[in-house]
Amino acid sequence: MSVDPTTAPQALHYDCIVVGSGHAGSCAALSARDAGCARVLIIDKCPPEWAGGNGYFTAGAHRTTHGGVQDLLPIVQNVSPEAAENIDMDPYTADDFTRDIMRLGNGRSDPQVVKAVVDDSRGAVQWLAERVGVPFILSFNRQAYLVNDRQVFWGGLVLSVEDGGKGLIAAHRAALSVAGVETWFNTPASELHFENGAIAGVIVEKDGAIVHLRSPAVVLACGGFEANKALRDKYLGSDWQRAKVRGTPYNTGDGLSMAQRIGARLTGDFAGCHSTCWDANAHADRGDRVLSNQFTKSGYPLGLMLNARGARFVDEGEDFRNYTYAKFGRAILAQPGGVAFQVWDSTVAGWLRKEEYADDVVERIVADSVEELAEKLRAKGLEDSETFVQTIVQYNSAVRAFRAEQPDKIWDPAVKDGLSTQSSSLKLELPKSNWALPLEKPPFLAVKVSCGITFTFGGLAIDPETAAVLSESSGKPIQGLFCAGELVGGLFYGNYPGGSGLTGGAVFGRKAGQAAAKLTAVA
């Protein structure tokens, strides 16, 4: 059965159609409604219980420029003016934000796309707080340490959301309902309706029927291809068959293929993705709607990571966690079996985040000696316990040699403290550049981790001012087609500063919705 838009009732005509019910799509739909679109529809192929895309599975972190704690107090809900006096938070400038994206991408990110995200970041979070009702909080549990009785923020990222991605998507769904935005779940989009050089709607499947929806504006906000094994194999490589999907199983590259079929330009890092240290016991092909982001295992800067053959393979103290976590999943995937073991002693184990490392969240392997820990890990996939022990012994020796030369250095997890394994008398081939303490105080703790893929970096080329998708042949915007969220290409290459994805989704979602409304006004 097929419904023809030329003879269909008015109910099948919309001012703007958004493909994808996640954070970016929700921002686009509400912005379109506010900017004058009378009839806005969100379609998503997922069932209603999977609403929210990957945004649901995040911690709700938003990276934004700001002038310090006083600047952010009006939009956060967990800090009183009195409590703010006990917070150390450096301002985060546009130059800081730009520099972080560009340095982590080795200068490959599109400068204009980056500029759009950075320049509009503060306005986007203000809008999310005021218009959407997102319950922002300062991220004490993820981005601050208590040092000398003060909360010290680090890594440029300070904003999160109460109840993480769950709270973020709940706020969006409530705001969309009040605004009168329709949502059709269980409705996959199959083709963009393209006529006379412009978008005229989208073809979907609903209740077993092929339905042609008419609209002068379509926003693609349906994510990348991280949940599609075939596309992972094609673009990322065969090893990525065994990566675990952190979020929604419905991001399978549909928006990419639909846009490509009407001549959209692809751009960005198709060989790259956001991939993290992820619980090795997590589901392989989807996230967990209950534990969600708690499967992340981000405590590695406080300890060591060793592979199944007992060797270290990354500099755990290379940088703050939120500048390395999105690339270390790839490093784990490249190890034997695609797994690794994170290890700590009791000196630092108490600093681990309970939501990630509590007994009821992750399988913890505990032992009274490194040798006993190695023996226990053999049952979990450790192949060479002797090398495992020797790696830690050598690491401890290097740490002690450094401390002997520089006894005034003080361990401080809130700054890059320079406590390292590299001294004039002893250097490791692979250093730990910061936060290097000896692993010597029992009990010892280990958890097994794998690679969790979050989203892919390659996507569609856009006009950064309007989020309009560009044509491959002309390089100009395709009239009526817009893009937001993880489907935008050219923003991230190889790595990613934590919290930038949600911010980018909000920035380009708002731009897309506003530009869609301008089209409707002249239609």
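A crossing is left-handed if the near helix is turned anticlockwise from the far one by less than a right angle, and right-handed if clockwise. I kept that beside me while looking through this predicted model, where local features need pLDDT of at least 70, side-chain atom pairs count only at pLDDT 80 or more, and totals for chains, interfaces and linings use all residues. Residues are numbered from 1 along each chain as its sequence is written, and side-chain values use heavy atoms, without hydrogens and water.

**Entry: H1 and H5**

I looked up helix H1 (residues 23-34) against helix H5 (residues 111-132) and found an angle of about 65°, with axes 12 Å apart. Helices here are DSSP runs (H or I, at least four residues), numbered from the N terminus. Axes are lines fitted to C-alpha atoms over the stretch in contact, and angles run from 0 to 180 degrees between N-to-C directions. H1 and H5 are therefore roughly perpendicular (65 to 115 degrees). H1 passes H5 in a left-handed crossing. On the H5 side I noted Trp 127, Leu 128, Arg 131 and Val 132 in the contact (heavy atoms within 4.5 Å).

**Entry: H1 and H15**

Next I checked H1 with helix H15 (residues 500-522), which pack at about 30° with axes 7 Å apart. That makes the two roughly parallel (under 35 degrees). The crossing of H1 and H15 is right-handed.

**Entry: Phe 508**

Which residues does Phe 508 contact, leaving aside neighbours within four places in sequence? I listed nine names: Val 113, Ala 116, Val 117, Ile 462, Pro 464, Ala 467, Cys 483, Ala 484 and Val 488.

Note on methods. Parallel < 35°, antiparallel > 145°, perpendicular 65-115°, else oblique.
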